[in-house]
Amino acid sequence: MSRSIVRQSKFRHVFGQAVKADQGYDDIRVSKVTWDSSFCAVNPKFLAVIVESSGGGAFLVLPLSKTGRVDKNYPLVIGHSGPVLDIDWCPHDDNILASCSEDCTAMVWQIPDHSLTRALSDPVVVLEGHSKRVGIVSWHPTARNILLTAGSDNLIIIWNVGTGEPLLSMDDHPDLIYSVSWNRNGSLFCTTCKDRRLRVCDPRKREVVAERLAPHEGIRPMRAIFTRDGNIFTTGFTRMSQRELGLWDPTNFEEPIALLELDTSNGVLLPYYDADANMVYLCGKGDSSVRYFEITEEPPYVHYLSTFSSKEPQRGMGFMPKRGVDVSKCEIARLYKLHDKKCEPITMTVKLSVKLSSDLFQDDLYPDTAGPEPAMEPEEWLDGRDEDPILVSMREGYVPPKSRELKVAKKNVLDSRPTTRRSMSTVDTNSLPVSC
């Protein structure tokens with residue numbers, strides 16, 4: 001008699017649960033701008049949400065502990081003169097955040113540990129180099145102070161935000177760039193573009209090292225992220241407008257490792273990747289569910305795990321870095337779901353078959369994860385050095401130290417700039433090193 005074999009995985013029983021109402025964040029006027037970004041960024045200290053604002057762009061920054069109703073007069077971060085399109089917390093300093101806007105600039109902000117008492121309008125540095133709106137900001141995963149921006153001028157610029165200077169630029173994209181994702185050590189990044197091509201770029205060589213036309217046959221926007229193994233996970237649409245996911249080997253783009261049709265919907269699927277668990281969470285704008293998958297080395301390579309469903313559609317989503325989860329509750333991920341007027345945390349927890357003491361650390365669930373220390377300086381990266389993230393143990397949990405800013409101030413030139421520095425007030429892109 002044959003017996004079905006159940007795939008062994010410690011993540012087969014991951015379930016999502018929304019927190020209680022008093023642990024959410026209410027009365028937030030989430031931005032209504034039509035742009036396919038997540039509108040939300042979170043780290044172990046702060047929650048940042050792009051909000052509606054008259055007379056320019058703004059976003060809200062709250063300490064994670066400040067749950068409940070947000071006062072309508074709570075101070076905002078208000079430096080941009082146009083709507084804010086994307087925000088990203090620095091992986092190496094929990095108080096540094098980058099933003100970009102329709103005003104053609106990107107800005108870097110230092111957020112104080114305490115709650116804001118007045119509006120923050122002075123960024124640490126203003127990055128001016130794009131001729132059209134800037135839609136993407138993304139920090140380098142291992143090098144200090146390296147920031148990538150991508151604009152509607154189809155230009156990608158990589159900056160040293162500590163000096164406010166552009167280091168590199170690439171103009172290889174003939175149309176609007178939909179997404180950018182660094183690989184684990186920051187030696188490459190992948191992009192999706194309106195010309196329906198998936199590209200792998202080496203920024204220091206200023207060249208596209210691999211590309212694939214139409215990994216998804218539909219014409220609607222795609223997204224792509226690097227996995228820890230160097231493969232690329234994509235979301236897109238079929239020719240019949242069904243949503244689809246794919247897994248690709250960038251050294252052999254001819255055939256996908258896996259290709260899976262999901263459903264029929266208009267919302268772009270935004271992928272959020274957990275490198276430690278090798279899991280992907282798919283959140284579609286306008287959807288009321290979050291689907292999650294595990295990537296393995298065995299067929300079918302991308303395994304569907306489960307779906308978290310709720311009643312209300314999501315406007316955006318934030319994804320907590322692994323060092324911000326609660327290991328005592330076997331929490332392996334936490335997402336921050338944006339509604340029209342609130343932000344609702346969703347915890348993803350592994351349900352254990354055996355009830356264990358809460359003080360017993362599950363080391364199989366929590367391998368060492370990327371910590372807050374950069375692995376190298378910007379000059380070292382620019383000279384060709386590559387380093388994986390510096391890992392930290394999750395055994396004791398991660399508590400962001402309040403004194404971190406003072407500690408880092410001696411090394412981080414961001415902290416030594418009390419006044420706003422503008423980078424090359426009107427950057428002449430013809431003077432930048434661009435690829436041919």
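**A sheet, a pocket and a threonine**

Four strands make an open sheet, ordered E11-E12-E13-E14, with antiparallel pairing. Keep in mind that this is a predicted model.

Colleague: Which are the edge strands of that sheet?
Modeller: The order runs E11-E12-E13-E14, and the sheet is open. An edge strand here pairs on one side only. That gives strand E11 (134-139) and strand E14 (165-170).

Colleague: What is the bridge partner of Leu-147 in E13?
Modeller: Strand E12 covers residues 146-151 and strand E13 covers residues 156-160. The two run antiparallel and are joined by five bridges. In E13, Leu-147 is partnered by Trp-159.

Colleague: Moving to the second largest pocket, which strands each supply at least two residues of its lining?
Modeller: This pocket has a volume of about 510 Å³. Its lining counts 18 residues, with Val-19, Gln-23, Lys-329, Glu-331 and Thr-347 nearest the centre. The strands you want are E1 (14-18), E28 (331-338) and E29 (342-350).

Colleague: Is Thr-369 buried or exposed?
Modeller: Thr-369 sits in strand E30 (residues 369-370). Its relative accessibility is 4%. The cut-off for burial is under 20%, so Thr-369 counts as buried.

Key:
Residues are numbered from 1 along each chain as its sequence is written. This is a predicted model: local features need pLDDT of at least 70, side-chain atom pairs count only at pLDDT 80 or more; totals for chains, interfaces and linings use all residues. Side-chain values use heavy atoms; hydrogens and water are left out. Two strands pair if DSSP finds at least two bridges between them. On a 1 Å grid over the protein atoms alone, a cavity is a set of points where a 1.4 Å probe fits but cannot get out, and a pocket is an open set with protein on both sides within 12 Å along at least five of seven lines; lining residues have an atom within 4 Å of a point. Grid points are joined across faces, edges and corners, and a volume is the space filled by probe spheres set on the points. Buried means under 20% relative accessible area, exposed over 50%, partly exposed in between (1.4 Å probe, protein chains only).
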